[in-house]
Amino acid sequence: MKKKITCLLLALTMVCSLLTGCGGSKPPASSSGSGSGASSDLPTYDLKMTAGITKDQPHGLAAQWMIDEIAKRSDGRIKITLYDNNTLGTERECAEGVQTGNFDFAIVNMSVMGNFIPEYGVFDLPYIFESQEHADSVFMGEIGREYLDMCESVNLKGLCTYESGFRCLSNSKRDVRTVEDVKGLKIRVMENDIHVALWQALGADAAPMAWGDAFTAMQQGALDGQENPLVLLETNGVPEINKHATKTEHIYNCTVTLMSQSLWNQMSEEDRNLIQEVAEESAVKQREICRSEYERVVKWEQEDMGMTILDVDDKQEWIDATQSVRDQYGAQFADALARIQAAK
């Protein structure tokens, strides 16, 4: 019996020695789902950001700045890789991916957000913003923050908005200065009921479709034109096939930078504050890039690509021609429209 007890004590001593030799360290921390792990008390993350824009557009440049700055301020713990140009799916698919946690971040058009949060539809209404300053007072202020906070209701974290700018018309047929000039033009529009109604009210043949299909259709002559912010035309190749552009400025367009709500909830308060702070800084930087780029792009499109860029003769004519769209779709957004109007 004494011999058995001696052997047992010896075995326990050996086990304790092995455990002591291992150092008793904690297992490496990692992010939920996609962390790389490291021997540290602070978690590390290897995350994905997806976007429909390209890396050389103002959105992409600001997003990359945000990614680099987060990595820098987190001492490399938080790594984010940008997958641009719809590499991982359409904007709606990517927003859904962030909802389910398959993606960590996404940059999506505000029109896409209307599929998830109906209140976002107010920003598709034509001629509700008078200037960049008016738009800034909305999207960079209290109203903009409220709309970002709405994202939590659909399992998304709204971090910030980026500016695309005022949408404008381009076509391959003729100069457009008046509403009458629009009639009969077959125009690609976003797959959105308000956008379709807007161009129908102006007399165009509105063709809702994805951008990839639209560019091919314009090349082949099946479509006459499209509408987008002028700053996005260069990288999309539009000046090569559309030589007539007009500053219709019918809708002011933004994108929303989204984050997985489940990932946000799992992060420390320190990391959440870091990401939010850098995202908001990137929104300011993005607007600076976008407005600087606008001047360069407009000059390039006119001088190097031979695109004529005109102002409309009478903006009020266009506002009046689209009143039926605001009447039809705006009633449900009456309170929001009043607040936007008051923010001028």
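The lining of the second largest pocket divides into six nonpolar, three polar and five charged residues. In this division Ala, Val, Leu, Ile, Met, Phe, Trp, Tyr, Cys and Pro count as nonpolar, Asp, Glu, Lys and Arg as charged, and the others, Gly among them, as polar. The model is predicted: local features need pLDDT of at least 70, side-chain atom pairs count only at pLDDT 80 or more, and totals for chains, interfaces and linings use all residues. Residues are numbered from 1 along each chain as its sequence is written, and side-chain values use heavy atoms, with hydrogens and water left out.

**Pockets**

A pocket is found on a 1 Å grid over the protein atoms alone, as an open set of points where a 1.4 Å probe fits, with protein on both sides within 12 Å along at least five of seven lines; lining residues have an atom within 4 Å of a point. Grid points are joined across faces, edges and corners, and a volume is the space filled by probe spheres set on the points.

The second largest pocket holds about 260 Å³ of space. It is lined by 14 residues, and Tyr127, Ile128, Phe129, Glu130 and Ile319 are the closest to its centre. At least two lining residues come from each of α12 (315-321), α13 (323-330) and α14 (334-342); α13 gives the largest share, three residues. Helices (H or I, at least four residues) and strands (E, at least two) are DSSP runs, numbered from the N terminus.

The largest pocket has a volume of about 1200 Å³. Its lining has 40 residues, with Glu91, Asn109, Val112, Arg188 and Met190 nearest the centre. By class, the lining of the largest pocket has 11 nonpolar, 21 polar and eight charged residues. The largest share, three residues, comes from α3.

**Confidence**

Contact means heavy atoms within 4.5 Å.

**Local residues**

Buried means under 20% relative accessible area, exposed over 50%, and partly exposed in between (1.4 Å probe, protein chains only).

| Residue | Relative accessibility | Class |
|---|---|---|
| Asn85 | 48% | partly exposed |
| Asn86 | 37% | partly exposed |
| Cys94 | 2% | buried |
| Cys168 | 3% | buried |
| Phe116 | 14% | buried |

Asn85 sits in the loop between β2 (78-83) and α3, and Asn86 lies in the loop between β2 and α3. Phi of Asn85 is near 55 degrees, a positive value; phi of Asn86 is also positive, near 55 degrees. Most residues other than glycine have a negative phi.

The count of disulfides (a pair of cysteine sulfur atoms within 2.5 Å) is zero.

Phe116 is placed in the loop between α4 and α5. Beyond residues up to four places away in sequence, Phe116 touches Arg92, Ala95, Glu96, Gln99 and Val154. Phe116 and Ala95 are 21 residues apart in sequence, with a C-alpha to C-alpha separation of 9.0 Å.

**Helix α5**

Which residues of helix α5 (residues 132-139) are buried? They are His134, Ala135, Asp136, Val138 and Phe139. The buried residues of α5 pack against α4, α6 (142-150), β4, β9, α11 (269-303) and α14.
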